[in-house]
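Here is a walk through some helix packing in this model. Take a look at the sequence and coordinates before reading on.

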Amino acid sequence: MVSLAGSQILSPTHGPCTTTSASSTRRPGHSMRTIRSALLHPDSPPGPASRPRATAHTSDADSDMENLTDSVIDFRLSELAATAGPTHPAAVAKSSSANAAATDMLDLSRDFSDYSSFNSDISGELQRLAAAASASATPARSDPTVDLNDLESMDLSEAASPLSHIEPFIHACVRALSPDSPPDARRGAAARIRLLAKHRSDIRALVGSSGAIPALVPLLRSTDPTTQENAVTALLNLSLEDRNRTAITAAGAIKPLVYALRTGTAPAKQNAACALLSLSGTEDNRATIGACGAVAPLVALLSAGSTRGKKDALTTLYRLCSARRNKERAVSAGAVVPLVHLIGERGTGTSEKAMVVLASLASIPEGRDAVVEAGGIPALVETIEDGPAREKEFAVVALLQLCSESSSNRALLVREGAIPPLVALSQSGSARAKHKAETLLGYLREQRQGGGCRAGLGAATSMAR
């Protein structure tokens, strides 16, 4: 889809997302029921967490790879590359048991991992390709029989351009990517590989086996924005081919892709996020991507990116947060506040994804606390009250994750007036939504009965004294 060494995340053009605690002013997307409840319970949690900074890695220094030297991370990447072969035992995905809520979230959000949903280079930045190529000097031609400029007007369909006709152009591009080539030649070659890899699986496979991948990786750190963007998007397009993902990982591309995610143009950041998503199919890769510092810039993209960038960041965060350590990184980086804010952005396609990621983060104690502090429970109740049917389903599953192991969150849910909309959902929602609403109502009934018992016990104890 479209779109570390010592660099910082560029300051966004907009301020950080904020979520105020309960107040008498009606907030967009919040009913008067929520406001009345807030007025009755003024002891609201504190305001939103501070905006994350890419340079801050201060906790768990003894166990966190972010605090290790580049040489140690490089060793880890080399070790990962050595085991990346499809027949190596370490390449076999590790299985783990999932609780019922996690299984439900995976069912509800299967589109998050559907690679068919992100057709390569969806950012549309290829519209600038011809202009960028013509503005640069004519690339050095390693093969006098091939003119790379012909690719700009060539019909790359399988019928018009058989693989045997494309192959000389691919090899010419790879030769032009040599470190000895002029910068403009390397920039043009990366742009043409980006174009070639967009269209056909057989071309992607041929480019991947031609040596282009290791030649593209150094360009991810290029100081020329266009060169970096072309290299990022070329690798994204190549990663849509299964065998190329192994080669991209083995070439050491993960850490440079994170660098591009932090320093690139807006399309480069979006495409870097998608390339990391494409590489995150194995547990080892998810751990390595998180350890290389990808979570904080993804949160920054979530906060300040375009709608397309926010969707890409949400999808990649969801995949990475299947690892507990990455959940912790996301909470520490301040992901919860913008996620809660995105719940109210209906009609953009981000609300559902935000609730899925919130539910994932709520599976750890610090995540649940952060969601409550950011006002997540009122926002989710509001969605069950008046959101679209599909969003109601996501919201009730997220609330289940928040309340299944927390009596204090159940009490807060009751105070927020969640029972009437949950009863309505249990009677008129989808089969899954009905089941989840009934389960959550059962928790709330237990909460009210338990509260009554505890109150009676407390009164008896007071009288005995």
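Which residues of helix H7 (residues 201-209) are buried? Ile-203, Arg-204, Ala-205, Leu-206, Val-207 and Gly-208 are, where buried means under 20% relative accessible area with a 1.4 Å probe and protein chains only.

A quick word on the ground rules. This is a predicted model, so to speak: local features need pLDDT of at least 70, side-chain atom pairs count only at pLDDT 80 or more, and totals for chains, interfaces and linings use all residues. Residues are numbered from 1 along each chain as its sequence is written, and side-chain values use heavy atoms, with hydrogens and water left out. Helices are DSSP runs (H or I, at least four residues), numbered from the N terminus.

**Around H7**

The buried residues of H7 pack against H5, H6, helix H8 (212-216), helix H9 (225-238) and helix H10 (242-250). Gly-208 sits in H7 and counts as buried because its relative accessibility is 18%. Leaving aside neighbours within four places in sequence, Gly-208 is in contact (heavy atoms within 4.5 Å) with Ile-213, Leu-238 and Asn-244. Its C-alpha atom is 8.7 Å from that of Ile-248, a residue 40 places away along the chain. After H7 comes Gly-211, with a positive phi near 95 degrees.

**Helix pairs**

Two packed helices are described by the angle between their axes and the distance between the axes. Here the axes are lines fitted to C-alpha atoms over the stretch in contact, and angles run from 0 to 180 degrees between N-to-C directions.

| Pair | Axis distance | Angle |
|---|---|---|
| H5 (residues 163-176) and H6 (residues 183-199) | within 8 Å | roughly 145 degrees |
| H9 and H12 (residues 266-279) | within 9 Å | roughly 30 degrees |
| H18 and H21 (residues 389-403) | 9 Å | about 15 degrees |

With that angle, H18 is roughly parallel to H21, a label for angles under 35 degrees. H18 passes H21 in a left-handed crossing, meaning that the near helix is turned anticlockwise from the far one by less than a right angle. On the H18 side, the contact is made by Ser-351, Glu-352, Met-355, Val-356 and Ala-359, and H21 brings Arg-390, Glu-391, Phe-394, Ala-395, Ala-398 and Gln-401. These contact residues split into six nonpolar, two polar and three charged. For that count, Ala, Val, Leu, Ile, Met, Phe, Trp, Tyr, Cys and Pro are nonpolar, Asp, Glu, Lys and Arg are charged, and the others, Gly among them, are polar.

H9 and H12 are roughly parallel to each other too, and their crossing is left-handed. Glu-229, Val-232, Thr-233 and Leu-236 in H9 meet Pro-267, Ala-268, Asn-271, Ala-272, Cys-274 and Ala-275 in H12. That contact has seven nonpolar residues, two polar and one charged.

H5 also passes H6 in a left-handed crossing. From H5 the contact takes Ile-166, Ile-170, Cys-173 and Ala-176, and from H6 it takes Ala-185, Arg-186, Ala-189, Arg-192, Ile-193 and Leu-196. The tally is eight nonpolar, no polar and two charged.

**Around H16**

What is buried in helix H16 (residues 324-332)? Asn-326, Lys-327, Glu-328, Arg-329, Ala-330 and Val-331 are. Their cover includes helix H13 (283-291), helix H14 (295-304), helix H15 (307-320), helix H18 (350-361) and helix H19 (365-373). Just after H16, Gly-334 has a positive phi of about 85 degrees.

Terms used
Helix = DSSP H or I, 4+ residues; strand = E, 2+ residues; numbered from the N terminus. Buried < 20%, exposed > 50% of the residue type's maximum accessible area, 1.4 Å probe, protein only. Parallel < 35°, antiparallel > 145°, perpendicular 65-115°, else oblique.
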